[in-house]
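I opened this entry to record what I looked up in one structure. The notes run from the whole chain down to single side chains.

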Amino acid sequence: MAKVIPIAAVATLRGKLGDVYYRTTPRGEICLCRMPQKRTKRFTPKELSHQQLFGKIAKQTSEIMSSPHLRAAFELWHKQAHLPRETMRQFLFRQLRVANQ
């Protein structure tokens, strides 16, 4: 990523130009970034199974977070786990991942 120092006439620079794009950081710096490459190979069976497992766990996590009774029970478990830097959603996802393996 390259940092760009614009001249006065070009105070803001953003958008795509060929295979690169310009973006402005929250600090006001303009960065030149390369566009991400598109995947050309097919997903392997192992990758597909991981994607399916991730989708299943994400759906279960959303269902628990939307249910007041289930969420209250898991919040109590989360508080007892004493992991202050882990969000409730991260805690749920980790617990469900272990349970589904």
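**Entry 1: ground rules.** I am working with a predicted model, where local features need pLDDT of at least 70, side-chain atom pairs count only at pLDDT 80 or more, and totals for chains, interfaces and linings use all residues. Residues are numbered from 1 along each chain as its sequence is written, and side-chain values use heavy atoms, with hydrogens and water left out.

**Entry 2: overall.** I found 3 helices and 4 strands, taking helices (H or I, at least four residues) and strands (E, at least two) as DSSP runs numbered from the N terminus. Along the sequence the order is β-β-β-β-α-α-α. I noted that 18% of the 101 residues are buried; buried means under 20% relative accessible area, exposed over 50%, and partly exposed in between, with a 1.4 Å probe and protein chains only. Of the contacts between residues at least 6 apart in sequence, 35% join residues at least 24 apart, a contact being heavy atoms within 4.5 Å.

**Entry 3: helix H1.** I checked the length of H1 against 1.5 Å a residue: its 22 residues should span 32 Å, and the end C-alpha atoms are 32 Å apart, which agrees. The expected span is 1.5 Å times one less than the number of residues. Ile57, Thr61, Ile64 and Met65 are the buried residues of H1. Seen down the helix axis, they fall within an arc of 90°, so they line one face of H1; the arc is taken over the directions from the axis to the C-beta atoms. This buried set packs against H2 and H3. On the face of H1 turned away from its buried side I listed the exposed residues Pro45, Gln52, Lys59 and Ser66.

**Entry 4: helix H3.** H3 has 13 residues and reaches 18 Å between its first and last C-alpha, close to the 18 Å expected. Its buried residues are Met88, Phe91, Leu92, Phe93, Gln95 and Leu96, and their cover includes H1 and H2.

**Entry 5: the core.** Which residues form the largest nonpolar core? I got 8: Ile57, Ile64, Met65, Phe74, Met88, Leu92, Phe93 and Leu96. Such a core is a set of buried Ala, Val, Leu, Ile, Met, Phe, Trp, Tyr and Cys residues joined through side-chain atoms within 4.5 Å. H1 (45-66) and H3 (88-100) each give two or more residues to this core, and H3 gives the most, with 4. Leaving out residues up to four places away in sequence, Met88 touches Met65, Arg71, Phe74, Glu75 and His78.

**Entry 6: Glu86.** Is Glu86 buried or exposed? Its relative accessible area is 15%, so I logged Glu86 as buried. Glu86 sits in the loop between H2 (68-80) and H3. Its side chain makes a polar contact with the side chain of Arg94 at 2.9 Å. A polar contact is a pair of N or O atoms within 3.5 Å; within protein, one must be able to donate a hydrogen and the other to accept it, and residues adjacent in sequence count only if both atoms are side-chain atoms. Beyond four places in sequence, Glu86 touches His78, Phe91 and Arg94.

**Entry 7: Ser49.** Ser49 lies in H1 and counts as partly exposed, at 38% relative accessibility. Its side chain reaches the backbone oxygen of Lys46 at 2.7 Å.
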